[in-house]
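Subject: Handover of a model and notes on it

Dear colleague,

Please read them with the coordinates open.

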Amino acid sequence: MLNSKIPAGPLDNKWTDYKGHCKLVNPANKRHIEIIIVGTGLAGASAAAALGELGYKVKTFCFQDSPRRAHSIAAQGGINAAKNYQNDGDSTFRLFYDTVKGGDYRAREGNVHRLAEVSANIIDQCVAQGVPFAREYGGLLSNRSFGGTQVQRTFYAAGQTGQQLLIGAYQAQERQIALGNVTQYSRHEMLDIVKIDGKARGIIARNLVTGELERHFGHAVLLCTGGYGNVFYLSTNAMGSNVTAAWKAHVKGAFFGNPCYTQIHPTCIPVSGDHQSKLTLMSESLRNDGRIWVPKKQGDSRKASEIPEDERDYYLERRYPAFGNLVPRDVASRAAKERCDAGYGVGTSKQAVYLDYADAIDRYGKIECRKLGINNPDADTIRKQGMAVVKAKYGNLFDMYEKITGENPYEIPMRIYPAVHYTMGGLWVDYELMTTVPGLYCLGEANFSDHGANRLGASALMQGLADGYFVIPYTIGNYLADDIRTKPIPTTDPAFEAAEKEVRERIETLMKIKGKQTVESFHKRLGKIMWDKCGMARNEKGLQEAIVEIQQLRKEFWSDVRIPGDIKEMNPELDKANRVADFIELGELMCKDALNRRESCGGHFREESQTEEGEAMRDDENFQYVAAWEFKAVSNWELHKEELKFEVAKPTQRSYK
Amino acid sequence: MEHYNMNLTLKVWRQKNKDDRGQFETYQVKNISSEMSFLEMFDVLNEELIREGRDPITFDHDCREGICGACSMYIDGRPHGPWEANTTCQLHMRAYKDGDTIVVEPWRAKAFPVIKDLMVDRSAFDRIIQAGGYISVNTGNAVDANAMPIEKDKADLAFANAACIGCGACVASCKNSSAMLFLSAKVSHLALLPQGDPERKDRALNMVAQLDKEGFGGCTNTGACEAVCPKEISISNIARLNSEYLRAGLTVDK
Ligand SMILES: Cc1cc2nc3c(=O)[nH]c(=O)nc-3n(C[C@H](O)[C@H](O)[C@H](O)COP(=O)(O)OP(=O)(O)OC[C@H]3O[C@@H](n4cnc5c(N)ncnc54)[C@H](O)[C@@H]3O)c2cc1C
Ligand code: SF4
Ligand code: FES
């Protein structure tokens, strides 16, 4: 039976109560307890800093050359917190409510409320570390809006919020390294967990520079290894983002929660050709000021500037007057796809819509002119002033757009299209962030926890840092308090031997295939199956086909993949092969989960289950549960269900109209 | 934007590992689209090398959005290639035309040993941060974020310096292999904020000491670093660092 361990009592007391009653480890004992943290993005780096500060002996691992390069660095738009600095009606409750509703009532109330409670502490902590958030002229912090909310609660640092938060967490981690509490292993990839007497007690990692396998012991193991959007090949994730750590844990007994919940982000730079290696996000913050439209006429091939105002369809404003361009991501993405599929798309591929800044430039320009006391300004002056404001707010994003497309977004509207961005699914964890393997925890994007079937913008950074700075320091103590007598287990233990052997043999098998097709070509094919049949719209037939195709692809991979080079050297193709092999297995599970969930909710859209207006239609009676899959054997899983109870935020049909 | 295809000659540094002497090898790449990124051109070449049974070229990269700082190619004598304020991954092939020859090398500096081909070891940067590139505040100790207003201009300037991506182009461009631009960006980020004030003196002294230990050269103000920095970190930070250092040296009694 799945026990989510949500504390009893009223929603807003649960976390306080938990903290007041959980077991503690005294400082002298902490010094003897070792913790392994795999992954040093926001979740891992913050956990490493916080646990190091508490006095635990921590080892951290990442596959990049430095913790500062984790994928979190690329987050652009901002981080939410219920500070209510704007006096616009925000509160812990509202952040909780927006998040549960935004997730289409598929997240746990208890977890989400805790997240909303600690959100304010995150901002305090980051400012104290020197994170330079945007400020107003009075010297106080500035906020902007994000999708799915009607308040301004998003803190930001230009379009580089993730970078600034990660540098803060990284510096806190480096400080613990300098103090001797944390040891960092960069360019290391975890390839298995080690279980002894049913508990997670260590990992097998490969030193990517030398190719050697290493054994590391820990009283507990934390996986903070990020999301698996790259299963689609093309996504906004960094090239190295992968599912391997989570997948190995899954195979060793950790259940996988809601694998099919994928977030397709509405505003990304469209695909330009077959050579494309990744997609680039244009931050959701751009929807604060930008307006999205397509021509009213099908197949209109005029330039944007030649299409008069009354021949433009601002379809989000038309369909969703209450939220307009700031509807949640799943809604905005589907609306873009609907327009393009119906033949209204723009650009050469016709798979794009416009994100237009002309109005914003004009509006800001007029405001600036008033501020500067310029009377009757001409159009040029307004434009110039307006452009300066837009540049200050979004300059780095506009620059990035221009570098990639060669077009100037201050002059021509940007072309955008939805792209895979985030995975709400991940390892199933209980309230304490522990997986179904005792002693194995999962934090950040890698777990399934707080976002239900659709994540609201600016909430992933919040969740990663909440998990690392403010949740795990308490919940891990509750487990380790019973482990203070466990002496470090030598890595000569047979369990370590066996795990290492398994990893070694798998690598040798891969290298020996010496087939004809490159790893990349397999990855691309997997991505295409996933995007076509398990992407923005899914149906029974497509999913069934996808499962068969993926099983076939797996066979082909294991008999015909070609990996150059040797094992005992830096060999990025081998690293990639390890990851793609796991993506293939995950892809199958995602399709299976999507097939099982015969309802639409959030980012999971089953064509069979929609309202007359084409909105996602949930089936609460049959699917108000978390799907937690247990691995039995290749292509064989058992489904466990965790019923979701809503005591405070009662499920309704989500409406943003 | 008009798109076009091109054929190019690449001269790429190949080095099996840190002990190998290394040499240039020449490759022809065909039908490269002007819409590709520079690294996608390398992807195409690598796929071809693998198909031919040859060893693909190893290079660092991850975000491909100009923010993680991993990519690091020295292209025709300039870190990150010909574009201003740009990273290797954001360089696009429309910067080149049919028939061009492009020479690609790794960062070269004693403190950045080559791992393989175009990939170098930049862990020295982490150790410099360990020497003091942080504010010592334990989790849970913070006061309300708005308790201490910070002048917008100062906050913005701190942010401009905190935008350094730790790529090391500054070192690669410098004839002395100096890391002063990187170091001064961090010292300035923290010195400009009131939160950074209590540790100001030790920070400057300790980080400079670590810099010397890692084998980076001294700064002779040639300005090459500023010219290639993808995040336009200003060389005026080096003057700020020097004054921080002097101030610290004069007043710290240890
Ligand atoms: C372009 C972009 C913009 C975004 N913008 C926002 C935003 O504005 N606001 C917001 O809230 N969210 C945003 N997100 C989402 C958010 O950035 C991520 O969800 C979040 O940063 C994930 O953090 P993490 O710590 O869980 O994982 P990551 O930052 O992905 O870190 C994963 C870590 O695990 C390591 N790792 C992985 N596998 C292994 C292995 N096998 N062995 C060893 N180490 C391993 C990696 O080296 C890395 O250190 C954005 C995402 C993208 C793609
Ligand atoms: S100062 Fe500029 S060139 Fe040097 S590491 Fe930072 S971003 Fe790179
Ligand atoms: S790959 Fe991240 S900056 Fe170039």
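**A buried charged pair in chain B**

Asp43(B) and Arg64(B) are both buried, where buried means under 20% relative accessible area, exposed means over 50% and partly exposed lies in between, computed with a 1.4 Å probe on protein chains only. These two residues form a salt bridge whose closest N and O atoms are 2.8 Å apart; the term stands for a side-chain nitrogen of Lys or Arg within 4 Å of a carboxyl oxygen of Asp or Glu. Because Asp43(B) lies in helix H1 (residues 38–51) of chain B and Arg64(B) in the loop between H1 and strand S3 (74–75), the pair ties together parts that are 21 residues apart in sequence. Helices (H or I, at least four residues) and strands (E, at least two) are DSSP runs numbered from the N terminus.

**Basis of the values**

This is a predicted model, in which local features need pLDDT of at least 70 and side-chain atom pairs count only at pLDDT 80 or more, while totals for chains, interfaces and linings use all residues. Residues are numbered from 1 along each chain as its sequence is written, chains are lettered from A and ligands numbered from 1 in the order in which they are written, and side-chain values use heavy atoms, with hydrogens and water left out.

The predictor gives the complex an ipTM of 0.97 and a pTM of 0.97. For chain B the mean pLDDT (the predictor's confidence in each residue, from 0 to 100) is 96, and 98% of its residues reach 70 or more.

**Salt bridges elsewhere**

Over all chains the structure holds 78 salt bridges. One of them joins Glu311(A) to Arg302(A), with the closest N and O atoms 2.6 Å apart; Glu311(A) is partly exposed at 30% relative accessibility, and Arg302(A) is partly exposed at 27%. Another links Lys632(A) with Glu638(A) at 3.2 Å between the closest N and O atoms, Lys632(A) being partly exposed at 44% and Glu638(A) partly exposed at 34%.

**The site of ligand 2**

Ligand 2 is surrounded by 13 residues, the closest being Cys164(B), Cys167(B), Gly168(B), Cys170(B) and Cys229(B); a residue is counted if one of its heavy atoms lies within 4 Å. Helix H4 (169–173) and helix H5 (180–191) of chain B each supply at least two residues of this shell.
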